[in-house]
Amino acid sequence: MTDESRFDAIIAADDKVEPGDWMPEGYRKTLIRQIAQHAHSEVIGMQPEGNWITRAPSLKRKAILIAKVQDEAGHGLYLYSAAETLGVSRHELVDLLHQGKQKYSSIFNYPTLNWADMGTIGWLVDGAAITNQVMLTRTSYGPYARAMHRICREESFHQRQGYELILTLMRGSEEQRQMAQDSMNRFWWPALMMFGPTDGDSPHTQQSMAWKIKRISNDDLRQKFVDATVPQAEFAGITIPDPDLRWNEERGHYDFGEIDWDEFWDVVGGNGPCNRERMDHKNKVWDDGAWVREAAVAYAAKQYARKSA
Ligand code: FAQ
């Protein structure tokens, strides 16, 4: 059996490819690109929420938000570790992000303007993230699939706390309801964009599905998310800002309006409302934290020297 036919057999049998296994170079590169982008998204995703920790309206909400932001850091670390099993270091990946050669999710380039955004991010952004990540627990690369199992459990808690926050606001004063609605109006379309371009405009989908890296296409995942979220919005009494949104009895799905793809590609291309701010902040904390990394390396070297002696 050749290396390639062994790889093909693993994929055909729905088994997992593991780090020591032979894999096509394109498979390895695609995984590094996707896992790194995913890891960077978790880390950059801490910024819009971190912005509200000092302004949380109660001790309980503050504790929840701190724990959630900390979870995102943890997700970034599992994912960088999964990427490292493909022969690339976390340091290299972070460098590529800083040089603008790797991406992170478009959603984190939108500002968080009111407290309800903390609910909307949990409900819609984590909700969209889980829709995508549940599929990734079945991805063909073992370390990525295993990281996803743990991440999905935490994301599902994040989603519920976000929805609960929105329900609380919707049951509150008129001002609170308006705040929640304003947040929904700003985040609905960017949340739909998280699933990526339409299948027809997605250069990677076909090959990634053949390799079983992706198990469901961008458009099908987006539809799943819309179908799950509309009843939740109706229950909360919040309006989704899409006049074309309606149940289609024949299809058994909700129809929804056209996404502004010019806006999507603008944001992906670095020109969204907060792209520069997010990267400036990321670069600054990386530089400010250099002494911590140096101290950790010096400490590890000392421990190693002591042990060897
Ligand atoms: N933003 O051919 P496709 C989270 C790029 S985690 C930016 O369809 P693919 C947790 C794409 O990279 C959220 N770029 O690509 C959290 C490609 O560019 P390239 C992150 C995007 O990979 C919650 C080009 O467009 N989740 O939120 C986006 O097959 C709350 C063509 O696209 C993941 O990363 C986008 N939205 O499918 C944290 C999940 N969409 O590289 C804090 C893993 C597409 O050719 C708070 N990733 N692009 O230059 C995936 O499942 C896939 O990578 C897709 C894109 C589905 C995102």
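Here are some questions and answers about how features of this predicted model get their labels.

Q: Why is α2 called roughly perpendicular to α5?
A: Helix α2 (residues 25-44) and helix α5 (residues 90-98) pack at an angle of about 75°, with their axes 11 Å apart. Angles of 65 to 115 degrees count as roughly perpendicular, so α2 is roughly perpendicular to α5.

Q: Which residues make that contact?
A: From α2 come I32, A36, H40 and I44, and from α5 come L93, V94 and L97. By class, the contact of α2 with α5 has six nonpolar residues, one polar and no charged ones.

Q: What makes α7 oblique to α8?
A: Helix α7 (residues 142-170) and helix α8 (residues 174-193) pack at an angle of about 140°, and their axes are 7 Å apart. Roughly antiparallel would need an angle over 145 degrees, and roughly perpendicular runs from 65 to 115. The pair therefore falls under the remaining label, with α7 oblique to α8.

Q: Which residues bring α7 and α8 together in this contact?
A: I166, L169 and M170 of α7 meet Q176, R177 and A180 of α8. These divide into four nonpolar, one polar and one charged.

Q: Why is H149 called partly exposed?
A: H149, found in helix α7, has a relative accessible area of 41%. Buried means under 20% and exposed means over 50%, so H149 counts as partly exposed. Its C-alpha atom is separated by 9.1 Å from that of R138, a residue 11 places apart from H149 along the chain.

Q: How do you know whether R278 is buried or exposed?
A: The relative accessibility of R278 is 5%. The cut-off for buried is under 20%, so R278 counts as buried. This arginine is found in helix α12 (residues 275-288). Leaving aside neighbours within four places in sequence, R278 is in contact with I44, Q47, P48, Y104, F108, N109, Y110 and P111. One of these, I44, also belongs to the contact of α2 with α5.

Q: What makes C152 and C274 count as buried?
A: C152 has a relative accessible area of 10%, and C274 has 4% relative accessibility. With buried set at under 20%, C152 is therefore buried, and so is C274.

Q: How many disulfides does the model have?
A: The count comes to zero. A pair of cysteine sulfur atoms would have to lie within 2.5 Å to be counted.

Q: What stands out about phi at D14 and K212?
A: Most residues other than glycine have a negative phi. Phi of D14, however, is near 65°, a positive value, and phi of K212 is near 60°, also positive. D14 sits in the loop between α1 (3-12) and α2, while K212 sits in the loop between α9 (205-210) and α10 (218-236).

Q: Why does D14 count as partly exposed?
A: D14 has 45% relative accessibility. That label covers values between the 20% and 50% cut-offs, so D14 counts as partly exposed.

Q: Which residues have the most contacts inside the largest nonpolar core?
A: They are Y27, I35, Y141, W188 and I238, in a core of 77 residues. Not counting residues up to four places away in sequence, W188 touches L124, F225, V226, T229, I240, P241 and D242. In soluble globular proteins, nonpolar side chains tend to be buried together.

Definitions and conventions:
Residues are numbered from 1 along each chain as its sequence is written. This is a predicted model: local features need pLDDT of at least 70, side-chain atom pairs count only at pLDDT 80 or more; totals for chains, interfaces and linings use all residues. Side-chain values use heavy atoms; hydrogens and water are left out. A nonpolar core is a set of buried Ala, Val, Leu, Ile, Met, Phe, Trp, Tyr and Cys residues joined through side-chain atoms within 4.5 Å. Buried means under 20% relative accessible area, exposed over 50%, partly exposed in between (1.4 Å probe, protein chains only). Contact means heavy atoms within 4.5 Å. Axes are lines fitted to C-alpha atoms, for helices over the stretch in contact, and angles run from 0 to 180 degrees between N-to-C directions. Helices (H or I, at least four residues) and strands (E, at least two) are DSSP runs, numbered from the N terminus. Angles under 35 degrees count as roughly parallel, over 145 as roughly antiparallel, 65 to 115 as roughly perpendicular and the rest as oblique. Ala, Val, Leu, Ile, Met, Phe, Trp, Tyr, Cys and Pro count as nonpolar, Asp, Glu, Lys and Arg as charged, and the others, Gly among them, as polar.
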